[in-house]
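This report describes a zinc site and the pairing of strands. Please look at the sequence and the structure before reading on.

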Amino acid sequence: MVLNRLCNLKENHTPLTLKELPDPEPEENEILVKVSACGVCHTELDEIEGRTPPPRLPVILGHQAVGIVDACGRRASRYKIGDRVGIAWIYSACGECKFCQVGDENLCPDFLATGRDADGGYAHYMTVPEAYAYCIPDGFSDSEAAPLLCAGAIGYRSLRLTGLQDGQNLGLTGFGASGHLVLMMVKHRYPNARVFVFARSVEQREFAEALGAVWVGDTAVKSPEKLDCIIDTTPAWKPVVTALRNLEPGGRLVVNAIRKEEADKDHLLQLDYPSHLWLEKEIKSVANVTRKDVTEFLSLAAEMGIRPEFQEYPLEEANKALVELKRGKIQGAKVLKIQ
Ligand SMILES: [Zn+2]
Ligand SMILES: [Zn+2]
């Protein structure tokens, strides 16, 4: 499924086109992967609508791919043909800059993203440098594993950046693929932490309650208690302003969104310094993922026996999955079943 040109998903409901292309060939340090499942991420909407545009078109989107190694480049020896691997948002980083040297490869100025800067997993085959593929633990089906690679891994990074301690109050504003995995992770790692979920649809709120949230409400409301930290996964600004008001003194808001939409940016003018920022409240964004995030999260997910909730769509219905995501019709993760 190929993206040929950027568009507004409110007007164009078929941004991707099914197209027959030659199978890609692995470079000497790459593997060729026969893709079986690929998760659908909100970042794809940001790419299609031009907020983080692919540097070249046409491009194949998708950065939560699971599949089988089908061929290895001449100098690629890490995997054998037939191994099951996953591919995440980080397609490569330079390995030499000051960020890469200390393990912050997510901040590398030469960071390349799967499914934006290189063709991704909305396809039968894709290639990736072997150093940027991951073994998928046994016990997960391909469709279960796919959302772990971005929604789960970036959720894991976001949770770490909040600095949450057991017994504290965590807020989740927005409750999609990442939010539901973070809630599962918190229940396991911080059994005494209390999770407050802000979501726009009744279904999402019920889903959050079923997964163990102590309180649920709309993204615009005041929480019944102050929160020590909050993770925001919405594309909007109003929830950011609301979240700052809901924070405890010294609390931290972590924004997990590669881009924000402009539509409701005027809400920022309601920022009131004493109630939103004063008393050492912090805002931090979370950018990309490192290979360490993905590897650590995959083993944590296996240890926890986490089971993502997902809905499957055939590859040729990728447009339907994207439009539903845009409309906020979400319960857990969306996964393209490819072969
Ligand atoms: Zn993603
Ligand atoms: Zn670098």
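Two strands are said to pair if DSSP finds at least two bridges between them. The model described here is predicted.

By that definition, 3 strands form an open sheet, ordered 2-1-4, with antiparallel pairing. Strand 2 (16-17) and strand 4 (59-60) stand at its edges and each has a single partner strand, so one side of each is left without a neighbour in the sheet. Strand 1 (residues 2-3) is joined to strand 2 by 2 bridges in the antiparallel sense. In this pair, L3 has L16 of strand 2 as its bridge partner.

| Strand pair | Bridges | Sense |
|---|---|---|
| Strand 1 and strand 2 | 2 bridges | antiparallel |
| Strand 3 (residues 30-40) and strand 5 (residues 65-72) | 7 bridges | antiparallel |
| Strand 5 and strand 6 (residues 84-87) | 4 bridges | antiparallel |

Within these pairs, V35 stands opposite G67 in strand 5, and I68 stands opposite R84 in strand 6.

The other topic is the metal site. Which residues coordinate the zinc ion (ligand 2)? The SG atoms of C94, C97, C100 and C108 do so, at 2.3 to 2.4 Å. The angles among the 4 donor atoms are 106 to 115°, and the site is tetrahedral. Along the sequence, the donor residues follow the spacing C-x2-C-x2-C-x7-C.

Are C94 and C97 buried or partly exposed? C94 has a relative accessible area of 28% and is partly exposed. C97, at 16% relative accessibility, counts as buried, because buried means under 20%.

Methods:
Residues are numbered from 1 along each chain as its sequence is written. Chains are lettered from A and ligands numbered from 1 in the order in which they are written. This is a predicted model: local features need pLDDT of at least 70, side-chain atom pairs count only at pLDDT 80 or more; totals for chains, interfaces and linings use all residues. Side-chain values use heavy atoms; hydrogens and water are left out. Donors are N, O and S atoms within 2.8 Å of the metal (3.2 Å for Na, K and Ca); water is not among the atoms, so sites may look incomplete. Four donors count as tetrahedral if all angles lie between 85 and 135 degrees; four count as square planar and six as octahedral if opposite donors are over 155 degrees apart and all others between 65 and 115; anything else is irregular. Buried means under 20% relative accessible area, exposed over 50%, partly exposed in between (1.4 Å probe, protein chains only).
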